Amino acid sequence: MNGLNRRRSTATLALLSFAMLIVSLDQYIVVVALPDIARDLGYSAHTLQAVISAYAVASSGFLLLGGRAADLLGRRWVLTVGLALYALASLAGGLATGPGMQLTARAVQGLGGALVFPGTLAVINTTFAEGRDRNRALAVWGGAGAAGLVVGVLLGGVLTRTLGWEAVFFVNVPLAGTVLVLIPRLLGRDQPRDRSRKFDLPGALTATGGVSLLVFALVQGPVLGWTSPAILGAAGAGALSATMFAMIERRSRDPLVPLRLLANRNLILAVAIAFMFMVTFGSLLYFMSIYFQDVMGYDALETGVAFLLPTGVVVAGSSIAGRLVDRFGLRPILVAALAIGATGAVALGWALAADGSYPQLIPGLIAISVGDGIIFTTMFIAAGIGVSDREQGVASGIVSTGSGIGAALGLALLVLVANSGTGDLVGEDLRIATAEGIRLAVFVIAGGMVLTLVVALNLRIAANSVAVPDRSSPAPVKSDR
């Protein structure tokens with residue numbers, strides 16, 4: 001690769017990583033602002049969680065559709081549309097005067113994120129050759145995504161304390177706008193659409209409906225009650241949509257999810273790992289935010305500052321993940337990172353107490369953050385191995401959907417675990433019970449990390465394996481380094 005192409009590839013990677021950071025941080029940027037949002041807009045204790053779940057439901061439901069759209073309509077075009085929707089919805093969310101307008105904006109934010117997330121991953125996987133170049137590119141991209149989950153809490157605390165809760169929405173407008181301006185300069189034009197490939201609209205609609213309804217049931221089950229008509233209806237309709245999707249795909253000549261992708265062992269294992277990653281590591285951020293505020297008495301800004309340490313460690317872990325995989329292989333690094341993360345979760349669980357202090361949390365936070373950063377990158381390395389360029393978008397959508405469902409299910413179940421002993425308690429009794437509940441949830445998370453390690457042991461293909469060239473699409477950029 002000559003110097004000019006190398007600089008352009010570096011600039012492209014930086015742009016895609018920044019876009020990934022934007023949509024990643026928004027999953028948790030509103031967490032520390034929730035009390036202020038509830039007070040100003042009139043949310044009840046039962047409806048406030050919807051500020052988070054509206055984003056999760058829309059994002060999870062449309063990820064597969066976003067990946068397919070990136071493959072068929074063009075990755076640059078889908079990225080542009082996704083970021084534009086994201087920016088406009090963020091503006092509307094900050095201007096909202098009531099829950100209805102804000103929840104609609106959050107859902108549209110989720111739709112925008114569902115277009116951006118698999119789009120950025122697909123561009124990276126088709127720009128950088130499988131092996132060392134792609135691993136190192138994904139380390140940068142993965143570092144941005146993993147850091148975004150933690151940076152969201154930090155930035156949310158700073159903005160809420162200094163400018164008010166509206167700022168956690170408004171901040172996305174200039175961020176997304178910057179990327180939109182740079183996309184035409186740094187990303188090449190999309191290839192002409194392959195007219196022989198169909199969008200599989202029936203498959204896309206049933207997949208989106210099925211995932212959205214199931215995720216809605218998962219995130220609202222603890223709020224509305226698992227046996228309530230709304231939850232049972234959503235779960236039943238979601239299961240029916242999923243069944244219809246399987247029947248449509250079996251008969252389609254150009255299915256949304258080609259059967260050959262489901263035969264890709266690494267992709268399926270990557271989906272399982274991504275699912276478990278968000279059940280465990282992803283849910284931990286929520287509980288730590290609650291612990292800092294409700295148990296230790298931190299305000300929004302102090303809570304954000306408390307996440308500075310794990311943020312730095314996550315970024316460091318992600319930045320070295322690609323090089324570690326090049327040297328030691330994908331499976332050993334993934335297994336080691338999960339072992340470190342599980343050990344850290346146990347240490348953190350022991351340190352979580354009503355009379356605990358921040359220094360006592362540091363060893364566990366560091367170990368978990370090391371695992372977090374490395375795993376976020378390596379699970380997406382696994383997902384792209386052996387997938388042709390023309391199907392990288394839908395493959396990215398599949399693994400991203402797995403992570404989205406994991407986030408919803410993990411939080412729904414772990415909230416039940418954490419709140420099981422709080423009941424009608426108030427005051428000091430409630431604070432102590434909250435600490436004990438969070439400790440129990442963290443121990444459950446540690447167990448989930450161990451189960452994920454068992455799944456990772458089944459990976460078989462080395463990270464530097466070479467994919468079969470895809471003659472229907474341009475060759476990926478290869479480096480002479």
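Which residues does Val-394 touch, not counting residues up to four places away in sequence? Before you click, a word on what is loaded: this is a predicted model, where local features need pLDDT of at least 70, side-chain atom pairs count only at pLDDT 80 or more, and totals for chains, interfaces and linings use all residues. Residues are numbered from 1 along each chain as its sequence is written, and side-chain values use heavy atoms, with hydrogens and water left out.

**Stop 1: Val-394.** Select Val-394 and you land in helix 17, residues 392-419. (Helices are DSSP runs of H or I, at least four residues, and strands are runs of E, at least two, numbered from the N terminus.) Now show what Val-394 touches: Leu-64, Gly-67, Arg-68, Asp-71, Leu-256 and Leu-261. Contact here means heavy atoms within 4.5 Å. Val-394 is buried, at 1% relative accessible area; the cut-offs are under 20% for buried, over 50% for exposed and partly exposed in between, with a 1.4 Å probe and protein chains only.

**Stop 2: zoom out.** Switch to cartoon and you'll see 18 helices and zero strands. The radius of gyration, 21 Å, is close to the 23 Å that the globule rule gives for 481 residues, so the chain is as compact as a globular protein of that length. (That radius is taken over C-alpha atoms, and the rule is 2.2 Å times the number of residues to the power 0.38.) Along the principal axes, the C-alpha atoms fill a box of roughly 65 × 45 × 40 Å. Of the 481 residues, 58% count as buried.

**Stop 3: the core.** Next, select Trp-141, Phe-287, Met-288, Tyr-291, Leu-348, Leu-361 and Ile-375, which have the most contacts inside the largest nonpolar core, a set of 128 residues. Such a core is made of buried Ala, Val, Leu, Ile, Met, Phe, Trp, Tyr and Cys residues joined through side-chain atoms within 4.5 Å. Colour helix 12 (residues 265-295) too, as it gives the most to this core, with 17 residues. Then centre on Leu-348: beyond four places in sequence, its contacts include Leu-284, Met-288, Leu-361 and Val-442. A second, separate core of five residues includes Val-57, Val-211, Val-219 and Ala-408.

**Stop 4: Leu-186.** Finish in helix 8, residues 172-186, where Leu-186 lies. Apart from neighbours within four places, Leu-186 is in contact with Arg-8, Ala-11, Thr-12 and Leu-15. Draw a C-alpha to C-alpha distance from Leu-186 to Gly-157 and you get 33 Å, for 29 residues apart in sequence.
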